[in-house]
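I opened this notebook to record what I looked up in one structure.

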Amino acid sequence: MKIIACIKRVPTTDLQPRVAADGKSLDAAGVQYMTSFYDEIAVEEAIKQKEKHGGEVTVLTIGSAEASKEVREALAKGADKGVILVDNAWGGRDPLATAKTLAGKITELGADLVLLGRVGTDRDNASVGPMLAALLGWACVTDVVGLELGDGKGTARREADAGTETYAFALPAVITCQKDLNEPRYAGLKGIMAAKKKPLEESPCPPATSQVEIEKLALPPARKAGRIVGEGAAAVPALIDALRNEAKIL
Amino acid sequence: MTQTTSSGFVRPLFSGRLESAALFPYPHQDAEAAETTEAIVATVAEWAAHAVDPAAIDHAKTIPASVVAGLKELGLFGLTIPEEYGGAGQGQVTYARVMQTVAHRCASTVTVLGAQLGIGMKALVLYGTSAQKAHWLPKLASGERIAAFALTEAGAGSDAAALATRAEPQPDGSWKLNGRKIWITNGGIANGFTVFARTPDPAKPGAKPSEWPISTFWVERERKGLTTGSPENKMGLCGSSTTDVALEDVVVPPEALIGPRGEGFKVALNVLNSGRHGLAACCIGQAQLARDLARAHAAERVQFGHPIEHFGMVQELLAGMDADLYAMEATTYLTAGLMDQKRETMLEAACCKMHATERLWQIANDALQVTGGTGFMREYAYERILRDARINMIFEGTNQVLRMMIAFQGLRSLQRGELVPASGAAHLEGVCSELEAERTTLEALVPRFAASCQLALRTHGERVRAAQFALHRLADMAAALFVSGAVLSRASASRARSTLDARELDLARLACRRAFKDFERAAHEEQQPDDELVARIASASTG
Ligand SMILES: Cc1cc2nc3c(=O)[nH]c(=O)nc-3n(C[C@H](O)[C@H](O)[C@H](O)COP(=O)(O)OP(=O)(O)OC[C@H]3O[C@@H](n4cnc5c(N)ncnc54)[C@H](O)[C@@H]3O)c2cc1C
């Protein structure tokens with residue numbers, strides 16, 4: 001089984017974001033990066049399915065050359081090879097441009113299964129997976145919490161508002177991963193040492209023509225400081241008064 | 001001028017020499033090794049943050065099996081074991097970084113690792129034959145088995161050479177061990193023990209057992225007659241297992257002897273020489289934790305209308321923590337790099353341990369002070385950090401014993417003529433121009449230190465080994481010179497890489513000044529010694 005896990009290098013979730021001087025991007029100074037949370041689930045699932053069914057896991061990303069850190073992490077956990085399509089402006093791509101580039105590379109590499117996170121933790125678009133499936137003409141199940149693969153086919157479970165849905169599909173397929181699908185492992189020392197010897201290909205990324213452009217980025221307005229009106233039961237009338245007349249929510 | 005650097009940086013100081021080549025350039029891992037180290041450290045930090053609950057461990061006085069399993073799955077029990085024996089083959093720099101990282105989360109947890117890698121299996125790695133290593137190391141590397149280091153006995157603490165455990169040769173070549181070790185870290189969880197015991201000297205058949213030389217043995221838990229006691233109830237490191245190890249007619253095969261028969265004391269000292277360096281790295285991790293907590297508190301806590309970080313007396317504490325940490329890192333990673341280059345570091349490692357353990361104690365105390373009454377409350381980490389920090393000044397050589405070692409080793413080299421007093425001025429090569437003032441100060445202190453050494457030798461002659469008041473001062477001076485030298489080397493390396501920013505420069509300057517003050521304090525005591533007063537007061541009975 002040939003499995004490709006697509007990952008994205010994103011700012012760490014504890015980032016205190018600042019808008020850069022151009023007003024359209026994040027100030028890169030001091031930003032630390034990590035693999036997008038849901039993409040780690042995709043990598044874990046890819047490795048698990050390989051461990052069960054045999055085959056090979058390729059980790060694919062569009063990003064700057066520094067994304068080798070995140071790709072090596074996936075290799076250390078058990079993926080077999082890495083591919084970085086180098087684009088230093090990866091953060092500015094729209095989902096369709098990303099999906100098109102990925103589709104091109106996936107067609108070239110060939111795969112039975114492509115796994116992605118359900119959403120990137122930087123932009124929250126949740127679009128690349130379904131777009132990629134549409135471009136490839138493959139089956140797609142999103143937000144998957146359970147995945148079983150058989151001979152040329154599979155079933156996937158997803159939690160919908162109304163209950164659990166189980167889908168059957170034929171391979172090749174694109175699956176986007178929800179957090180309950182698995183618990184990502186830690187890379188052990190052995191894996192980290194082995195990852196150094198695994199192939200990591202860097203190739204230039206075909207130019208992206210994004211159809212959507214960021215016009216402006218702004219941080220949410222600062223919240224006003226809270227106020228403690230008093231303590232204990234004696235403070236209740238003051239609190240009710242403040243909620244009724246100041247906050248006007250009672 | 002052509003001096004070898006084989007004697008390190010600290011020892012030549014006693015002759016008034018600044019051994020630039022022993023400090024410069026500040027060692028750096030090559031890009032590939034650094035990438036591996038960073039990857040390991042990142043995984044370990046993430047794992048520790050999720051899997052280790054230091055407060056719960058302290059409270060339960062035990063480390064949950066899941067944490068030990070995690071260390072095992074990550075492969076950390078084999079971190080420094082050579083790859084050919086199933087380990088990850090990492091050197092001292094990576095080891096120190098990992099120790100620091102785990103210690104930043106939990107002092108008890110890191111002690112399990114330190115007892116395994118730093119001391120427990122170190123004798124096997126350093127002195128084992130390839131057959132012994134092939135036999136025992138793979139299972140230690142995988143974490144299937146855990147190691148402990150059993151030297152201390154009721155009558156043999158600092159004076160480890162006074163140990164009474166015996167190993168008697170049996171007609172079939174095996175050894176029979178009898179004795180009792182106390183306070184053995186990992187005692188309750190270890191499957192293999194490095195045990196030091198007296199063995200008869202075939203050349204001196206009539207000698208009393210107390211005169212027998214010491215040998216080193218690898219004793220597995222399964223050996224009949226080996227038992228471990230119940231866990232000690234300790235002030236700190238509560239999660240770490242500390243127990244007695246009793247040996248009653250324990251028979252081990254001839255292959256259990258590690259290193260040459262009768263050379264065990266040397267084995268123990270060498271294991272401890274490298275082991276105590278890892279302790280310094282642990283101190284950095286715990287000190288960072290205390291500093292981070294105190295800083296956050298000082299920024300948030302408002303009194304008299306200002307966050308308390310606004311007040312000078314709080315700033316003194318906060319800035320001191322940062323400068324001391326800079327110095328602790330400088331000495332520890334300089335020494336780690338030298339260890340990886342197989343350079344002489346016995347006295348440097350002792351200085352690292354002494355300095356880092358005492359600065360951690362100070363930082364933990366200051367962090368609690370910055371936090372006020374909150375810091376005194378058990379629901380916060382400060383008091384635990386303080387309790388955990390205390391032991392570092394005691395085990396793997398008490399800081400008094402290390403001071404004796406540092407000062408006496410240097411003086412003895414002078415006495416023996418291995419070091420010849422320098423005639424000219426001391427010069428340190430390689431310091432960046434931004435730190436010229438600090439370099440000049442350091443250079444001026446070195447001849448003064450050498451003069452103090454000569455004074456001690458003149459005053460005490462052959463009895464200098466027992467002249468502890470003088471040894472104490474000289475060790476403090478030597479350590480201060482080493483600390484400031486390491487700081488200058490570290491900052492100059494940053495300068496060479498163009499990463500020396502204004503803040504790092506400030507830190508380096510303050511770190512040097514604090515070291516110089518330590519020197520001057522000792523120098524002042526030498527000029528106006530309290531020695532006689534102290535001796536009289538201490539020896540008078542208080543009844
Ligand atoms: C939690 C814990 C874990 C330990 N783990 C291990 C372990 O894994 N393996 C192991 O073998 N041991 C272990 N030890 C033992 C530890 O190494 C000893 O406690 C230490 O070496 C000091 O010995 P002591 O406690 O007997 O103190 P003592 O030697 O009795 O010293 C008491 C005081 O006297 C001072 N002193 C002693 N002699 C001199 C001197 N000549 N000049 C000046 N001052 C002197 C000391 O500095 C100290 O302040 C552990 C101890 C503890 C508490």
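The entries that follow give each look-up in turn.

**Conventions.** I note that this is a predicted model, in which local features need pLDDT of at least 70, side-chain atom pairs count only at pLDDT 80 or more, and totals for chains, interfaces and linings use all residues. Residues are numbered from 1 along each chain as its sequence is written, while chains are lettered from A and ligands numbered from 1 in the order in which they are written.

**Chain A as a whole.** I counted six helices and 11 strands in chain A; helices (H or I, at least four residues) and strands (E, at least two) are DSSP runs, numbered from the N terminus. The C-alpha trace of chain A spans about 70 × 45 × 40 Å along its principal axes. Of the 250 residues in chain A, 37% are buried. I call a residue buried if 20 or more other C-beta atoms, placed from the backbone, lie within 10 Å of its own. I also looked up contacts, where two residues count if their C-beta atoms, placed from the backbone, lie within 7 Å. Among contacts in chain A between residues at least 6 apart in sequence, 70% join residues at least 24 apart.

**Domains.** The assignment, which is automatic or from a database, gives chain A domain 1 (2–204) and domain 2 (222–250). Taken over C-alpha atoms, the centres of these two domains of chain A are separated by 46 Å.

**The sheet.** In what order do the nine strands of the open sheet in chain A stand? I read E9-E8-E7-E10-E6-E1-E4-E5-E11, with mixed pairing. Two strands pair if DSSP finds at least two bridges between them. Strands E9 (163–170) and E11 (200–204) of chain A each have a single partner strand, so one side of each is left without a neighbour in the sheet. From one strand to the next, the twist averages 35°. Strand E5 (residues 81–86) of chain A pairs with E11(A) in the parallel sense over five bridges. A:Leu85 has A:Ser203 in E11(A) as its bridge partner.

Helix H1 (residues 37–53) of chain A packs on the sheet and touches several strands, among them E1 (2–7) and E6 (113–117) of chain A. The direction of H1 makes about 150° with that of E6(A); such axes are lines fitted to C-alpha atoms, for helices over the stretch in contact, and angles run from 0 to 180 degrees between N-to-C directions.

**Strand E6(A).** How many of the five residues of E6(A) are buried? I found five of five. A:Leu113, A:Leu115 and A:Gly117 lie on one side, and A:Val114 and A:Leu116 on the other. E6(A) runs parallel to E1(A), joined by three bridges, and parallel to E10(A), joined by five. A:Leu113 stands opposite A:Ile3 and has A:Ala173 as its bridge partner in E10(A).

**Contact with chain B.** I listed 11 residues from chain A and 13 residues from chain B in the contact. On the side of chain A, helix H2 (68–77) and helix H5 (189–195) of chain A give two or more residues. H5(A) gives the most, with four residues.

**A helix of chain B.** Helix H11 (residues 312–340) of chain B has 29 residues and reaches 42 Å from its first C-alpha to its last. The expected span is 1.5 Å times one less than the number of residues, and the reach of H11(B) is close to the 42 Å expected. Just after H11(B), I noted a positive phi of about 60° at B:Lys342.

Terms used: A residue is buried if 20 or more other C-beta atoms lie within 10 Å of its own, exposed if 12 or fewer, and partly exposed in between; C-beta atoms are placed from the backbone.
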